[in-house]
Amino acid sequence: MLLKIPQTEIKERQRIFKQRLQDRNIDGAILYASIDIFYLTAFHFRPSERPIALVFDQKGSSHLFVPLMEKHHAETYALVDHVHDYPEYPGLKHPMEHFKDYLHSIGMTQLTIGIDGDGYSSPKGYRGPKLSELLDNHYTSVYGLVEELRSVKSKNEVELIKESCRWANLAHSLLVKYSNAGKTEVEIETQATAEATLAMIETLGKGYLPNGSPAHAFYRGQIGPHSAFPHSQNQNLVLKRGYNVISQAAAHVWGYISELERTMFVEEVSKEQERYFNHMKTAQEIAFDAIKPGVKASAVDIAVQDYFKEEGISHLSLHHTGHALGLVHTHEAPFFDTGDATVLEAGMVFSVEPGLFVQGLGGFRHSDTILITNEGMEMLTYYPRDLESLIIT
């Protein structure tokens, strides 16, 4: 198996993107979003206070604007026609002034330019002028355009996500193996993640490039009553008999990721816990039944929310039923949400994760990665979902 996206596919992505610009009468584009740059060029980098931008000029040539410290990195990995660098941020001359000069030099003025933002931004201390303050162009937003291209996965992308599922399954199995009452989440997660990572690296060999984190599994603080916080963070909590826990496992394969979560019980399960578990599992199965090409993403969430309403437990549902996923971050658009009218297509990959969160008791959520097919959907994650299999002994 090829553990990467081939260059021919990256080039085809660029061709489609440029065609979309042409269809909108847009002369060129400037993109700052790191995931979109990775998708279009195969250059995976850590965004920082130093601006990085991908430019498509009016002739269709691609340019990557990077700080000097990233120049060799970009030249090694990025599938672009030109790499241009600047010294440092903030520097004696601001990077955006260097960018303005470079855009002038390649004729990117007096044009209609598609942008995903009016200038670079970063939470890591960046300050700088807007692009519209520097260059006289007509700017039009193409925010979300690359994410739309990313929504339907190619065969190569699906295979990478399936490979991610395999290693997530191993990491999750090891997490369960080491989850004993009296142990802290940090020691459990560390042992499981280390063992799964080493197995993954040894098996896949030198051709494996994570572009993210290898196989890993964790609880993220969702242990016992604390699992009622849907997006908790690690609390180094101790597992106790009778607690319900929500696990999570994943693995990056050339930047592609899957999502696997399970609600489990330490040694025993109460009738109250079983009741909410069964509601959650039924809701997930309702979602599975609703997923098919040609229906709106909203229909999946509506079906789940109708069930919760019928059972009088809508107040315990704190988030939508799922989200698309693919590159690096687990959350992408579109969403299984009542407000998302996106029509589902074969090749889209989603998490399916309706949840119930009961204060004082805990959370109840499975998450599975699925592929939409021409007939309906294919389950990509395969760890057991039934109650008996999820009692940790």
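V328 sits in the loop between strand 10 (322-324) and strand 11; helices (H or I, at least four residues) and strands (E, at least two) are DSSP runs numbered from the N terminus. This is a predicted model, where local features need pLDDT of at least 70, side-chain atom pairs count only at pLDDT 80 or more, and totals for chains, interfaces and linings use all residues. Residues are numbered from 1 along each chain as its sequence is written, and side-chain values use heavy atoms, with hydrogens and water left out.

Back to V328: its phi is positive, near 60 degrees, in a residue other than glycine. With a relative accessible area of 16%, V328 is buried; buried means under 20% relative accessible area, exposed over 50% and partly exposed in between (1.4 Å probe, protein chains only). W254 is another non-glycine residue with a positive phi, about 50 degrees. Its loop runs between strand 8 (244-250) and strand 9 (260-266), and W254 is buried at 6% relative accessible area. As a rule, most residues other than glycine have a negative phi, and most peptide bonds are trans.

On the peptide-bond side, the link from Y89 to P90 is cis, with omega near -5 degrees. P90 belongs to the loop between strand 4 (82-86) and helix 4 (95-105). A333 and P334 are also joined by a cis peptide bond, with omega about 0 degrees, and here the proline is in strand 11 (residues 332-336).

Zooming out, the chain has nine helices and 17 strands. The radius of gyration is 23 Å, close to the 21 Å that the globule rule gives for 393 residues, so the chain is as compact as a globular protein of that length. That radius is taken over C-alpha atoms, and the rule is 2.2 Å times the number of residues to the power 0.38. The C-alpha trace spans about 70 × 40 × 40 Å along its principal axes. Of the 393 residues, 55% count as buried. Among contacts (heavy atoms within 4.5 Å) between residues at least 6 apart in sequence, 68% join residues at least 24 apart.

Then there is the packing inside. The largest nonpolar core holds 98 residues, and F17, L64 and L344 touch the most other members. Such a core is a set of buried Ala, Val, Leu, Ile, Met, Phe, Trp, Tyr and Cys residues joined through side-chain atoms within 4.5 Å. Helix 6 (residues 155-177) supplies the largest share of this core, 10 residues. Leaving out residues up to four places away in sequence, F17 touches A29, L31, L40, F56, L145, V146 and L149. Another core, of 22 residues, lies apart from that one and includes Y32, Y86, F99 and Y120.

Helix 2 is mostly covered, with eight of its eight residues buried, among them I35, D36, Y39 and L40. A42 follows helix 2 and has a positive phi, near 70 degrees. R150, in helix 5 (residues 145-150), is in contact with I35, D36, Y39 and E332, its neighbours within four places in sequence aside. R150 counts as buried at 7% relative accessibility. The C-alpha atoms of R150 and I35 are separated by 10 Å, though the two are 115 residues apart along the chain.

S48 is in the loop between helix 2 (34-41) and strand 2 (53-56) and is buried, with a relative accessible area of 13%. Beyond residues up to four places away in sequence, S48 touches Y120, S122 and K124.
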